[in-house]
Amino acid sequence: MSHDDSVLLHTEGRVRHLTLNRPRALNALNHAMVRQMAEALDAAEQDPSVVAVVLTGAGERGLCAGGDIRSIHDDALAGGRASLDFWRDEYRLNARIARFPKPYVAVMDGIVMGGGVGVSAHGSLRIVTERSRIAMPETGIGFVPDVGGTRLLGAAPGELGMHLALTGDAVGAADALLCGLADHFVPSTDLPALLAALDTCTTPEAVVATAERYAGTAPAGELAGHRDWIDACYAADTVEEIVERLDRNGAPAAKQAATTILAKSPTALKVTLAALRRARRAESLEAALDQEYRVSSAAFTRPDLVEGVRAQIIDKDRSPRWRPAELAEVTDEEVARHFAPLGDGELGLAAGAAGTA
């Protein structure tokens with residue numbers, strides 16, 4: 001494999017390590033990194049001496065802050081198609097990770113957002129620490145949870161996933177475990193010892209047992225105590241009614257959630273509500289990823305994505321001018337357009353998975 005060093009590969013014992021290596025960009029994913037990861041997984045699967053893959057992020061701040069949204073912004077402004085090609089390969093990688101036949105250990109230390117969730121939370125052994133901050137913050141940039149996020153959040157208990165999808169709120173270790181986004185809590189100070197112990201493993205079973213041996217109890221989270229109002233409010237049929245219920249609820253955190261949601265893209269909110277509910281009914285992760293590709297392709301052509309990225313990371317004024325600006329102005333027809341079939345442009349993962357099942 002000939003490529004740059006944005007993904008570092010090395011083998012210790014019988015464990016193949018992948019390290020996302022753009023620490024100055026908080027290891028944000030670009031197309032080259034997605035391709036390198038896919039190649040590395042192919043090689044690791046075919047190599048009988050490799051019993052597991054371990055994913056980590058370089059630097060001190062986190063595993064991965066998501067996709068390179070500045071390049072997506074520039075591509076959309078220029079009327080390009082590079083982002084669609086990136087998502088096509090990224091979503092294929094997400095499915096690949098979920099179906100990887102050997103233990104795939106994702107160390108979700110620090111910030112893990114958007115595309116970072118896609119390369120970690122589909123793994124078979126997902127480790128969080130007291131520093132973990134995990135989020136799908138897409139509605140804040142006029143986009144919709146992707147990378148299998150609609151499937152992951154849709155599978156969370158009750159309406160917890162809908163709360164996280166609409167608000168974009170980040171959660172810590174305990175709440176990630178509660179929502180099914182992680183498997184084990186390991187204190188960050190124990191990570192070097194865990195990784196060293198994994199490197200001595202010679203069987204998949206030993207890898208699993210080692211991860212369990214280092215697992216401890218996460219510091220208390222917040223969501224378990226909010227289940228009553230979250231489940232009641234987010235069960236509403238529309239985003240408008242969800243916000244109304246949150247606003248009327250006596251809990252300060254519920255009112256804060258309403259305020260948070262109303263700052264997001266109205267179009268992205270309505271599409272996200274529909275996407276999560278559809279993903280819950282999808283037959284497989286692949287089917288959910290196919291749907292996400294349709295939604296992402298549509299969102300790419302809408303004004304809110306460019307505007308959201310501008311407001312968040314380019315001008316950093318945090319004052320996006322959404323179009324339309326109000327929830328009531330987003331029609332059912334506009335929401336439905338995000339789910340329209342793409343014809344020859346479909347991702348087609350579900351059909352491929354059915355063919356190999």
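In which loop is Gly13 found? Gly13 lies in the loop between β1 and β2. The structure is a predicted model, in which local features need pLDDT of at least 70 and side-chain atom pairs count only at pLDDT 80 or more, while totals for chains, interfaces and linings use all residues. Residues are numbered from 1 along each chain as its sequence is written, and side-chain values use heavy atoms, with hydrogens and water left out. Helices (H or I, at least four residues) and strands (E, at least two) are DSSP runs numbered from the N terminus.

The strands β1, β2, β3, β5, β7 and β9 form, in that order, an open sheet of 6 strands with mixed pairing. Two strands are taken to pair if DSSP finds at least two bridges between them. At the edges stand β1 (7-12) and β9 (184-185), each of which pairs on one side only. Strand β2 (residues 15-20) is joined to β1 by 6 bridges in the antiparallel sense. Within this pair, Thr11 is opposite Arg16 of β2, and Glu12 has Val15 of β2 as its bridge partner. The hairpin of β1 and β2 has 2 residues between the strands, and there Gly13 takes a positive phi near 60°. Gly13 counts as exposed because its relative accessibility is 59%; the cut-offs are over 50% relative accessible area for exposed, under 20% for buried and in between for partly exposed (1.4 Å probe, protein chains only). The C-alpha atoms of Gly13 and Asp199 are 5.5 Å apart in space, although the two residues are 186 residues apart in sequence.

On its other pairing, β2 runs parallel to β3 over 6 bridges, with Thr56 in β3 as the bridge partner of Thr19. Of the 6 residues of β3, 5 are buried, so β3 is largely enclosed by the rest of the structure. Strands β3 and β5 also pair in the parallel sense, over 3 bridges, and Val54 stands opposite Val105 of β5. A further 4 bridges join β5 to β7 in a parallel arrangement, where Val107 stands opposite Ile127 of β7.

Strand β5 is mostly covered, with 5 of its 5 residues buried. In a regular strand the side chains alternate between the two faces of the sheet. In β5 both faces are covered: Tyr104, Ala106 and Met108 are buried on one side, and Val105 and Val107 are buried on the other.

Helix α8 (residues 191-198) lies across β2, β3 (52-57), β5 (104-108) and β7 (125-128), and runs at about 170° to β5. Helix α9 (residues 204-214) lies across β3, β5, β7 and β9, and runs at about 20° to β7. Axes are lines fitted to C-alpha atoms, for helices over the stretch in contact, and angles run from 0 to 180 degrees between N-to-C directions. Contact means heavy atoms within 4.5 Å.

Two packed helices are described by the angle between their axes and the distance between the axes. For helix α3 (residues 82-98) and helix α14 (residues 285-300), the axes come within 10 Å and cross at roughly 160°. The two helices are therefore roughly antiparallel to each other, by a scale on which angles under 35 degrees count as roughly parallel, over 145 as roughly antiparallel, 65 to 115 as roughly perpendicular and the rest as oblique. Residues making the contact include Trp87, Arg88 and Tyr91 of α3 and Leu289, Glu292 and Tyr293 of α14. The contact residues divide into 9 nonpolar, 4 polar and 3 charged; Ala, Val, Leu, Ile, Met, Phe, Trp, Tyr, Cys and Pro count as nonpolar, Asp, Glu, Lys and Arg as charged, and the others, Gly among them, as polar.

His31 is in helix α1 and is buried, with a relative accessible area of 16%. Not counting residues up to four places away in sequence, His31 touches Asp85, Phe86 and Asp89.

Most residues other than glycine have a negative phi, and most peptide bonds are trans. Leu26, in the loop between β2 and α1 (31-46), has a positive phi near 50°. Leu26 counts as buried, at 8% relative accessibility. Asn27 is found in the loop between β2 and α1, and its phi is near 60°, a positive value. Asn27 is buried, with a relative accessible area of 0%. The peptide bond from Arg323 to Pro324 is cis, with omega near -5°, and Pro324 is found in the loop between α15 (303-314) and α16 (332-337).
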